[in-house]
Amino acid sequence: MTARQDPLRITLIRCSTVLLEWRAQRWLTDPWFGMHLRGLPVFRRPASTPERLGPLDALLVSHLHPDHFEPGAVARLRPRPPRIIAPPGASAARALAPFLDVLHELAPWRSLALGDGATLWAVPGPHTGPGPAEVNYVLDLPDFGHAFFGGDARFHGPTLAAVGARFGPFRLALLPVGGTRILGRRTVMGPADAWRAARLLEAEVVIPLHEGGLWLSVPPFSLHPGRAAHLATIAARAGAPDRVVVLAEGETASCCGAGAPGADGARGTGRPHGVIASAARMPP
Ligand SMILES: [Zn+2]
C-alpha cells in the first residue's frame, strides 16, 4: 500500500450540512434540514432527511446558528449519534440540552481522536461574534492528509494564515461562499474571500458550501449574494478550473483516491490529483 489510498467521500446535503465518509467512519457537519429559517421560506431542499442518513459516528458542529444546528433534526437521526462535537460553551445552550450525554466541547487548537485513526482539530472560526462561539475544523486523516471545514466562516486573514501554517497544505477545503452581509457588515466568506482562503490554506481542492439564495434575502438586514458558480469562475480565470469542485445537493465527490480518474497523468491533463466529482445522487 502506498499513501493516499483511502479517499474521502463528500456528499453535499445542503448549505453546510455535509456527509463525510472515510474508511468506516461517517461524519455529518452542521446538521440543518428545515424548510424555514427565522420565519423565512427556504428555497432549496436537503438531499436527505435525518432518518435516511443512516448511522453516523459523530456530528461536527461549527456553531449554533439555526442553519447550522437544528436540534429537532438531530433528534430524528437514527440511530442516535454517539458523539456531537461543538465549540466551547455549547453545553450551556438550550439547543444542546437533549444531547449533553454525547456532547464534547472542543476548543480551538485542541484535538480529539475520531475512529479509524482520524484526528479532529478545532481551529478559530471568526464569523459574527461575539457569540455564539464558533470554530472551524481540521480533519487529520492518516495516508490522506488534512481537510478543512469552514462551516460559516468569515474571511479573517491572520487566522487562516495561522491555520495554513500549522496544517497546510490541505488536500481539501470546504468553504462557505454566501458572502452574507448583515446591515452591510460581512459575516461569511464570499466567493473571492473563499479563493483567498484557499490560497492561505494551500488547498489543493475547494468545495464551496453555504451559497447564497438558499432562503429569502431581506436587504439591508441580510443579503447573501455569493454563489458556488462564482468561485468556479474565479478559479477558471486564475487558470485553475479543476481546483474548485461544485456539488449540487445530493452529489458526491471522492477526494483524492489513487486510481480515480485523473490520478494518472494529472499534470498532463491539468486535473487535480485523483479528484473526481461524480453525480452519485443520494436515492430519494
Ligand atoms: Zn452562522
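In which sense do strand E11 and strand E12 pair, and over how many bridges? Before I answer, please keep in mind that this is a predicted model, in which local features need pLDDT of at least 70, side-chain atom pairs count only at pLDDT 80 or more, and totals for chains, interfaces and linings use all residues. Residues are numbered from 1 along each chain as its sequence is written.

To the question, then: E11, residues 135-141, and E12, residues 145-149, pair in the antiparallel sense over 5 bridges, where pairing requires that DSSP finds at least two bridges between two strands. Within this pair, Tyr 137 has Phe 149 of E12 as its bridge partner. Helices (H or I, at least four residues) and strands (E, at least two) are DSSP runs, numbered from the N terminus.

Both strands belong to an open sheet of 6 strands with mixed pairing, in the order E9-E10-E11-E12-E13-E16. Strand E9 (111-113) and strand E16 (203-209) stand at the edges with a single partner strand each, so one side of each is left without a neighbour in the sheet. From one strand to the next, the twist averages 20 degrees, with angles running from 0 to 180 degrees between N-to-C directions and axes being lines fitted to C-alpha atoms, for helices over the stretch in contact.

Let me turn to helix H3, residues 191-201, which lies across E12, strand E13 (170-176) and E16, and runs at about 155 degrees to E13. Of the 11 residues of H3, 8 are buried, so this helix is largely enclosed by the rest of the structure; a residue is buried if 20 or more other C-beta atoms, placed from the backbone, lie within 10 Å of its own. Among those buried in H3 are Trp 195, Leu 200 and Leu 201, and the cover over the buried residues includes E12, helix H2 (157-167), E13, E16 and helix H4 (228-237). Just after H3, Glu 202 takes a positive phi of about 55 degrees.

How do H2 and H3 meet? Their axes come within 8 Å and cross at roughly 35 degrees. On the H2 side the contact is made by Gly 157, Leu 160, Ala 161, Val 163 and Gly 164, and on the H3 side by Ala 197, Leu 200 and Leu 201, contact meaning that the C-beta atoms of two residues, placed from the backbone, lie within 7 Å.

Finally, in H4, the residues Ala 228, His 230, Leu 231, Ala 232 and Ala 235 are buried, under a cover that includes H3 and E16. H4 is followed by Gly 239, with a positive phi near 80 degrees.

Note on methods:
Buried ≥ 20, exposed ≤ 12 C-beta atoms within 10 Å, placed from the backbone.
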